[in-house]
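Good morning, and thank you for coming.

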Amino acid sequence: MRTPESPLRQAGLREHHLGLVVRQVAAAGRPPSRAEIAATTGLTRATVSALVDELIGGRLLTEVDPVPRVGAGRPATGLALAAHGPAGLGLEINVDYLAACVVDLVGAVRHRAVHRADQRPETPEAVLTRLATLAGTVLAAPEVAELPIAGAALAVPGLVTSEGVVRLAPNLGWQDVAVPAALASAGTPLADLPLTVDNEANLAALGELHARSGELATFVYVSGEIGIGAGIVVDGQLFRGARGWSGELGHLAVRPDGPTCRCGARGCLEQYAGQEAILRAAGLADQGLTAAEALRQLAGRAADGQPQVRRALAAAAGALGVVLAGVVNLLDVQTVLLGGIYAPLAPWLSPVVEAEIGRRVLTAGWSPVAVQPSVLGPEAAATGAAGAVVRAVRDHPAPWLALP
């Protein structure tokens, strides 16, 4: 039996204390001093001082201007997360674009790049190769080149296993794609980085959670693109379901006898409120426009009050509201965040969605549901992916400090 003083226990306590100190600094409204961290955590000043010195040496914390002091005595030096410390690489594969970005330890986006093209005609291998090239471009950017990259996280619009296998991504036409193995075998710039793969709505929801700095703890994030997904956050934690595949909002039925979806079912929400369905109803499909151009025109014409566009948005919002009302009745959430293409279209979508929820949710009469645009907008998934890497370092800094 190991005694309380065993090396294993001491190592575990050190790891816990290192993470505790970093989280205290990250959560503070202003740079705290060593003494303030000791008072808040209950650790001794000597312990905090030793931990802080180690974290500064590992480029996780940095000293800043002294904290203003009331009364006599010399001002104490403040502590902050190190902007030059380990950063996270966020990647996203979507149906009509690829994205990559780097977020530093403080949470700032250092560089972002997007490659806009339809990925459906391409093989998974070709898409992953192009994504790796885009990642290499971002990592070579002057704003990023001097940062140590702690790892990468990839957002994919589909069902992803804990091992990073994309079990099914209907809108991409992918099935059983082992993404980490494919990237490693290709010898890409990502081959030497720890990589996690997750659903894009999940990572976007986590990005929103942390971007709002604790303002919301329970909400449903709706990712509106060609496909529609949802990230469900309950009490500050992502709800994944039994197999990690929760949130397939786009494949809930609006009309059981509706048009056939790419998933093989009929009447799915994506057929009424997905990007392509909206553009088609608004008369903006098949005009030779890129997706970005079409969406800009959609928002512009909606602002000008064009009847066909307004009708298209109202119909999409009505279908979205019907499905979200069921979600609210089931989960009892009070906030819905509209992300992806829905964020810039929120002025026309939100009122209709709220009205539909108000008609259909049992408790809406005395506990209304707020429908708000995402603060990260279309960048939520890639930013949330990079942020997930950074938060892992903040929460568990000991492995990073152990690196040579």
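How many helices and strands are there in the protein chain? There are 13 helices and 15 strands, where helices (H or I, at least four residues) and strands (E, at least two) are DSSP runs, numbered from the N terminus. Please note that this is a predicted model, in which local features need pLDDT of at least 70 and side-chain atom pairs count only at pLDDT 80 or more, while totals for chains, interfaces and linings use all residues. Residues are numbered from 1 along each chain as its sequence is written, and side-chain values use heavy atoms, with hydrogens and water left out.

I begin with overall dimensions. The C-alpha trace of the protein chain spans about 70 × 55 × 50 Å along its principal axes. For 404 residues, a compact globule would have a radius of gyration near 22 Å, and the 23 Å of the protein chain agrees with that. The radius is taken over C-alpha atoms, and the globule rule is 2.2 Å times the number of residues to the power 0.38.

Next, the sheets. In what order do the strands of the 5-stranded open sheet stand? The order is β5-β4-β3-β6-β10, with mixed pairing; two strands pair if DSSP finds at least two bridges between them. Because β5 (109-116) and β10 (195-199) have a single partner strand each, they stand at the edges, and one side of each is left without a neighbour in the sheet. On average, neighbouring strands of this sheet are turned by 15 degrees against each other, direction ignored.

Within this sheet, β4 (residues 97-103) pairs with β5 in the antiparallel sense over 7 bridges.

Helix α4 (residues 124-139) touches β3 (87-93), β4, β5 and β6 (149-156), and its direction makes about 35 degrees with that of β4. Contact here means heavy atoms within 4.5 Å. Axes are lines fitted to C-alpha atoms, for helices over the stretch in contact, and angles run from 0 to 180 degrees between N-to-C directions. Helix α12 (residues 380-395) also packs on the sheet, touching β3, β4, β5 and β6, with a direction at about 150 degrees to that of β3.

A further open sheet has 3 strands, in the order β7-β8-β9, with antiparallel pairing. Its edge strands are β7 and β9, each of which pairs on one side only. Strands β7 (residues 159-160) and β8 (residues 165-169) are joined by 2 bridges, and V160 stands opposite V166 in β8. These two strands form a hairpin with 4 residues between them, and G164 in the turn has a positive phi of about 85 degrees.

I turn now to packing between helices. Two packed helices are described by the angle between their axes and the distance between the axes.

Which helix does α6 (residues 200-211) pack against at about 70 degrees? The partner is α12, with the axes 7 Å apart. That angle makes α6 roughly perpendicular to α12; angles under 35 degrees count as roughly parallel, over 145 as roughly antiparallel, 65 to 115 as roughly perpendicular and the rest as oblique. The crossing of α6 and α12 is left-handed, meaning that the near helix is turned anticlockwise from the far one by less than a right angle, whereas clockwise would be right-handed. Residues in this contact include L203 and L206 of α6 and A381 and A385 of α12.

Helix α10 (residues 307-331) packs with α11 (residues 346-360) at about 40 degrees, their axes 7 Å apart. These helices are therefore oblique to each other, and their crossing is right-handed. Among the contact residues are L313 and A317 of α10 and W348 and V352 of α11.

Finally, the axes of α9 (residues 291-303) and α10 come within 8 Å and cross at roughly 105 degrees, so the two helices are roughly perpendicular to each other. Here L298, R301, A302 and A303 in α9 meet V309, R310 and L313 in α10.
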